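Here are my notes on this model, as numbered points. Please keep the structure open as you read.

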Amino acid sequence: MIKRIILMIIIPAAFIFLGLKFVTISNENYIAPHPSKSSGKIEDSPFQKEYLNKGGIIIVNVWATWCEPCVQEMPVFKKLIKENPDKKFVFLSIDENTENLKSFVAENKINDITLQNIKYIEAIKNFLGGNGVLGYSAIPLTFIIKDGKVIDKSVGSIDYTELSNKLKALQ
């Protein structure tokens with residue numbers, strides 16, 4: 001009888017403990033939104049002034065240093081950047097750790113606009129039509145903007161040929 005009572009307590013406790021352990025592991029890369037850093041309007045943002053106001057084709061990749069598919073597609077973006085000098089490529093990170101972001105950007109020499117737009121992240125997210133964690137439910141995400149309007153959104157890792165063909169069609 002006592003063994004049954006002990007088992008009835010230990011088994012559920014073990015499941016609860018393991019469940020909490022699993023939740024902790026699965027949420028280790030969760031990035032909380034930047035509520036205190038999102039007070040600006042997109043019209044005042046460096047993103048608006050340096051990219052949207054100047055028109056043309058802009059490719060925005062939403063990514064993070066801890067996102068393996070995001071990091072793996074960086075060489076593809078570098079190739080596309082070389083092949084499309086008339087288009088503007090920018091990266092917008094959802095990283096909370098600015099030191100990791102700064103190190104990655106310096107090492108990989110990408111045009112990440114996150115830090116200069118940190119106060120406008122919410123406005124940029126709204127412009128891109130985001131929702132979920134910092135505006136996005138999955139990353140990487142790639143947006144094509146033409147003359148200040150989002151005309152294409154790709155969820156997940158990019159395919160070189162597909163994105164290249166989309167960009168060629170916009171010439």
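Predicted model: local features only at pLDDT ≥ 70, side-chain atom pairs only at ≥ 80, totals over all residues.

1. Val62 has Leu92 in β2 as its bridge partner. β1 and β2 run parallel, and six bridges join them.

2. Now look at the other neighbour of β1. Six bridges also join β1 to β3, but this pair runs antiparallel. Here Ile57 is bridged to Lys146 in β3.

3. How much of β1 is covered? Seven of its seven residues are buried. In a regular strand, side chains alternate between the two faces of the sheet. One side of β1 carries Ile57, Ile59, Asn61 and Trp63, and the other carries Ile58, Val60 and Val62. Both faces are covered.

4. Nonpolar side chains tend to be buried together in soluble globular proteins. The largest nonpolar core here has 39 residues, and Phe47, Val60 and Trp63 touch the most other members. Several elements each supply at least two residues, among them β1 (57-63), α4 (74-83), β2 (88-93) and β3 (141-146). β1 gives the most, with six residues.

5. Which residues does Val60 contact, beyond its neighbours within four places in sequence? They are Phe47, Val90, Leu92, Leu128, Leu141, Thr142, Phe143 and Ile145. Leu92 is also the bridge partner of Val62.

6. Step back to the whole chain. It has seven helices and four strands. Along the sequence they follow the pattern α-α-β-α-α-β-α-α-β-β-α. Of the 171 residues, 39% are buried. The chain exposes about 10100 Å², and carbon and sulfur atoms supply 59% of that area.

7. Contacts also reach across the sequence. Take those with a separation of 6 or more: residues 24 or more positions apart account for 65% of them. Lys79 sits in helix α4. Its relative accessible area is 43%, so Lys79 is partly exposed.

8. Next, the charged pairs. Side chains of opposite charge can pair when their charged atoms come close. How many salt bridges are there? The count is five. One of them joins Lys87 and Asp86, at 3.2 Å from N to O. Is Lys87 buried or exposed? Its relative accessibility is 7%, so Lys87 counts as buried.

9. A second salt bridge links Glu99 and Lys102, at 3.9 Å from N to O. Both residues lie in helix α5, three residues apart, which is about one turn of the helix. Lys102 is partly exposed, with a relative accessible area of 43%.

10. Finish with Asp152 and Lys166. Their side chains meet in a salt bridge of 2.9 Å, N to O. Asp152 is in strand β4 (residues 149-155) and Lys166 is in helix α7, so the pair ties together parts 14 residues apart in sequence. Lys166 counts as partly exposed, at 22% relative accessibility. Glu162 joins in as well: Asp152, Glu162 and Lys166 are linked in a network of salt bridges.

Conventions. Residues numbered from 1 in each chain as written. Heavy atoms only, no water. Core = buried A, V, L, I, M, F, W, Y, C linked by side-chain atoms within 4.5 Å. Buried < 20%, exposed > 50% of the residue type's maximum accessible area, 1.4 Å probe, protein only. Contact = heavy atoms within 4.5 Å. Pairing = 2+ DSSP bridges. Areas by Shrake-Rupley, 256 points an atom, 1.4 Å probe, with all protein chains shown as cover. Salt bridge = Lys/Arg side-chain N within 4 Å of Asp/Glu carboxyl O.
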